[in-house]
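Please look over the sequence and the model shown here before reading on.

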Amino acid sequence: MGIDRESDTAASLRIGPTSLGMVRVYVETDSFDLPLDFDPDAAEEIAEELRAAAERARSIAAGGKGKKRPGRR
């Protein structure tokens with residue numbers, strides 16, 4: 001499955017700090033649980049990528065083409 005394909009998989013997403021000072025992104029589906037731990041700096045980078053993707057998605061939904069990534073058509 002690519003990033004631009006829809007999925008029928010339902011998942012729960014939880015995000016919070018761990019007792020060791022990491023940021024945990026916890027994905028839970030009917031089939032599996034996936035805990036992902038990131039140091040705070042990496043978590044902030046991920047947050048920036050999420051904000052940028054949301055901005056591009058809004059642009060696409062509004063009829064724009066969004067910002068293309070280098071090397072993409």
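How many residues does the hairpin that joins β2 to β3 pass through? The hairpin between β2 and β3 runs through 4 residues.

## Basis of the report

This is a predicted model, in which local features need pLDDT of at least 70 and side-chain atom pairs count only at pLDDT 80 or more, while totals for chains, interfaces and linings use all residues. Residues are numbered from 1 along each chain as its sequence is written, and side-chain values use heavy atoms, with hydrogens and water left out.

## The sheet

The strands β1, β2 and β3 form an open sheet in that order, with antiparallel pairing; strands here are DSSP runs of E with at least two residues, and helices are runs of H or I with at least four, numbered from the N terminus. Two strands count as paired if DSSP finds at least two bridges between them. The edge strands are β1 and β3, each of which pairs on one side only. Neighbouring strands are turned by 15 degrees against each other on average, with direction ignored, where the axes are lines fitted to C-alpha atoms and angles between N-to-C directions run from 0 to 180 degrees.

Between β1 and β2 the antiparallel pairing extends over 6 bridges, and S12 stands opposite E28 in β2. The pairing of β2 with β3 is likewise antiparallel, over 6 bridges, and V23 has F38 in β3 as its bridge partner.

## The helix

Helix α1 covers residues 40-61, and its 22 residues reach 31 Å from the first C-alpha to the last, close to the 32 Å expected at 1.5 Å a residue; that expected span is 1.5 Å times one less than the number of residues. At the start of α1, a side-chain oxygen of D39 comes to within 3.0 Å of the backbone nitrogen of D41. Just after α1, G63 takes a positive phi of about 100 degrees.

## The second largest pocket

The second largest pocket has a volume of about 350 Å³, and among its 13 lining residues the closest to its centre are L13, I15, V25, I46 and L50. A pocket is an open set of points on a 1 Å grid over the protein atoms alone, where a 1.4 Å probe fits and protein lies on both sides within 12 Å along at least five of seven lines; lining residues have an atom within 4 Å of a point. The volume is the space filled by probe spheres set on the points, which are joined across faces, edges and corners.

The strands β1 (12-17), β2 (23-28) and β3 (33-38), together with α1, each supply at least two residues of this lining, and the largest share, 6 residues, comes from α1. By class, the lining has 12 nonpolar, no polar and 1 charged residues, where Ala, Val, Leu, Ile, Met, Phe, Trp, Tyr, Cys and Pro count as nonpolar, Asp, Glu, Lys and Arg as charged, and the others, Gly among them, as polar.

Definitions and conventions. Polar contact = N/O pair within 3.5 Å; in protein donor to acceptor, adjacent residues only side chain to side chain.
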